[in-house]
Amino acid sequence: DDGWVQALDLQTGSRVWSTRIGPDRPRVIGNGRLISPCPIRTGLLVGDGTVYVAAGLFPIEGTYLAALDARDGAIRWRRHLASLSPQGYLADAGNEIVVPLGRASPKLYRKRDGSFVRDVPSASGTLAVVADNETLSGPGPTGSIQGGDVQSGAKLVSYPGRQMAVTPTTAYLVN
């Protein structure tokens, strides 16, 4: 909730680098304590020497999607997400990133520059999973996990469930 992404040395636990994603602003009250107006409420997605992260909870304070150099934390690109509130784990969809948005349906952004691709035709919620060519998200207000085709965006399926884990051969649902 402090708004910083930090890399630690695996051997010593010492900080290698830290990068603030949003602007340096006074703290605000969130969950009964003082937090950054741009807290990190997504998981980090790391691949090919890049760390992808979204920050911000209150759109009026600014919300962002960013790509950092994994070696030194330098910001490669940062995009303002306007009225969106990113929450949940980012998911890798090949050349794109699925960004879960808590109470709104997830959105797809390009890894190379953070440009918006399209809405993901799935349930709102903090869960986003990409398996083969299907994006699964939820659980949304109805308690279902919905799936759509990554490339076309076509809605494919809906499952009753609150959480999901996917292996190469099996999908596990908790409801």
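I began at the hairpin of β10 and β11, where 2 residues lie between the strands and G102 in the turn has a positive phi of about 60 degrees. Strands here are DSSP runs of E, at least two residues, numbered from the N terminus. The model is predicted, so local features need pLDDT of at least 70, side-chain atom pairs count only at pLDDT 80 or more, and totals for chains, interfaces and linings use all residues. Residues are numbered from 1 along each chain as its sequence is written, and side-chain values use heavy atoms, without hydrogens and water.

I checked the pairing next (two strands pair if DSSP finds at least two bridges between them). β10 joins β11 (residues 104-110) antiparallel through 5 bridges. E96 stands opposite R110 in β11.

I then looked to β9 (residues 91-93). β9 pairs with β10 in the antiparallel sense over 3 bridges. D92 has I97 in β10 as its bridge partner. This hairpin has 2 residues between its strands, and G94 takes a positive phi near 75 degrees.

How many residues of β10 are buried? I found 6 of 6 across residues 96-101, with buried meaning under 20% relative accessible area (1.4 Å probe, protein chains only). E96, V98 and P100 cover one side, I97, V99 and L101 the other, and all are buried. In a regular strand, side chains alternate between the two faces of the sheet.

Last, I traced an open sheet of 4 strands, ordered β5-β6-β7-β8 with antiparallel pairing. Its edge strands, β5 (45-47) and β8 (75-80), each pair on one side only. Inside it, 6 bridges join β6 (residues 50-55) to β7 (residues 64-69). T50 has D69 in β7 as its bridge partner.

Methods: Buried means under 20% relative accessible area, exposed over 50%, partly exposed in between (1.4 Å probe, protein chains only).
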